[in-house]
Amino acid sequence: MAVQTGLGEPRGPWFISPELDSDGRARWGGSDPDGGPAGRGPRGRVLAALAVVALSTASGAVAGGIVAGRDDAPGPAAASAAPVPAELVTAAGKTVPGVVSVLVGGAGGASASGSGFAVDDQQHIITNDHILAKGRGGSVTVELPDGRRFAAEVVGREPRSDLAVLRVPPSAGLAALPLAKPGSTRVGEPVLAVGSPLGLSGTVTAGIVSALDRQVRLGDNRHTAVQTDASINPGNSGGPLVNARGEVVGVNTAIATIDGNGSIGIGFAIPIEQVQQTADTIIGKGG
């Protein structure tokens, strides 16, 4: 097992490992990042083999590039990186200032971390409930992009939706992120996942909306989720998935994985329609 150094213990999002039913269809079950790996089935072996092939291909490409770069082995000029769409750069610039790191310290040394984002001018912050659950109800601290830290009030929690709302003092001055209109998200549109994977705050990864209305199981509950191939890793939980206009289309909450080995480019976000409805209910009850 690889040992993480300097980044802290990887936490959240919940990992989901695919299993196969007798008819060959995928069956999704939940597995905690700190828990044991799921059993490797035929599909797992195939995907693992594909991963090895991909790695080998990448290694070969790197080696080829080194050889081509030698003085005695002239080769074609290195390919330039694909240009990043200007609208995504703009969206990232608008989003990062409103995204925070959520740190929870509980009894008996239990702790958890994740991400969150401001949703209104009252300094309410949306995040995942499972971050608070893993912290065992401990004190919650929010770290802003500029490094300032504030004790956060837990306004309310909704475990079945895996959502929670926090609030920090007005002096935090967080800018609220705009929410996408219900029903406006489209398969294939570019999106950004923003958060603090492995404690690296302000991290932005890009992808597309891979599918809508994807049925996944988180813990004991089934959810309808937005599927994306934007890289989502431990610590991204609770952070926003935004479109090219900088509008939040979902809350990053889970990934699919083979044998618990991390992201394979299949991530899930709670749709903005459910997020907005749940947040409005929590804020209405808790102030």
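User: In what order do the strands of the closed barrel run, and what is the average twist from one strand to the next?

Analyst: The closed barrel has six strands with antiparallel pairing, in the order 3-4-5-8-7-6. Angles here run from 0 to 180 degrees between N-to-C directions of axes, which are lines fitted to C-alpha atoms (for helices, over the stretch in contact). From one strand to the next, the twist averages 40°.

User: What should I know about the model and its numbering?

Analyst: This is a predicted model, in which local features need pLDDT of at least 70 and side-chain atom pairs count only at pLDDT 80 or more, while totals for chains, interfaces and linings use all residues. Side-chain values use heavy atoms, leaving out hydrogens and water, and residue numbers along each chain, as its sequence is written, start from 1.

User: How many helices and strands does the protein have?

Analyst: Both come from DSSP runs numbered from the N terminus: helices are H or I runs of at least four residues, and strands are E runs of at least two. Counted that way, the protein has four helices and 14 strands.

User: Why do strand 3 and strand 4 count as largely enclosed?

Analyst: Buried means under 20% relative accessible area, exposed means over 50%, and partly exposed lies in between (1.4 Å probe, protein chains only). Strand 3 is largely enclosed by the rest of the structure because five of its seven residues are buried. Strand 4 is largely enclosed because, of its eight residues, the number buried is seven.

User: Which residue in the turn between strand 4 and strand 5 has a positive phi?

Analyst: Strand 4 and strand 5 run antiparallel and are joined by three bridges, with Phe117 opposite Ile126. They form a hairpin with five residues between them. The turn residue with a positive phi, about 65°, is Gln123.

User: At what angle to strand 8 does helix 4 run?

Analyst: Helix 4 (residues 272–286) lies across strand 5, strand 7 and strand 8. Val275 is in contact (heavy atoms within 4.5 Å) with Ile126, Leu163, Val251 and Ile270, leaving out residues up to four places away in sequence. Relative to strand 8, helix 4 runs at about 50°.

User: Is Ile270 buried or exposed?

Analyst: Ile270 is found in strand 14 (residues 267–271). Beyond its neighbours within four places in sequence, its contacts include Asn128, Leu163, Val249 and Val251. With a relative accessible area of 3%, Ile270 is buried.

User: Why do the buried residues of helix 2 fall on the same side, and which exposed residues are on the face turned away from them?

Analyst: The buried residues are Leu88, Ala91, Ala92 and Thr95. They lie on the same side of helix 2 because they cover an arc of only 100° around the axis, an arc taken from the directions from the helix axis to the C-beta atoms. Their cover includes strand 3, strand 9, strand 10 and strand 12. The face turned away carries the exposed residues Ala86, Val89 and Lys94.

Definitions and conventions
Pairing = 2+ DSSP bridges.
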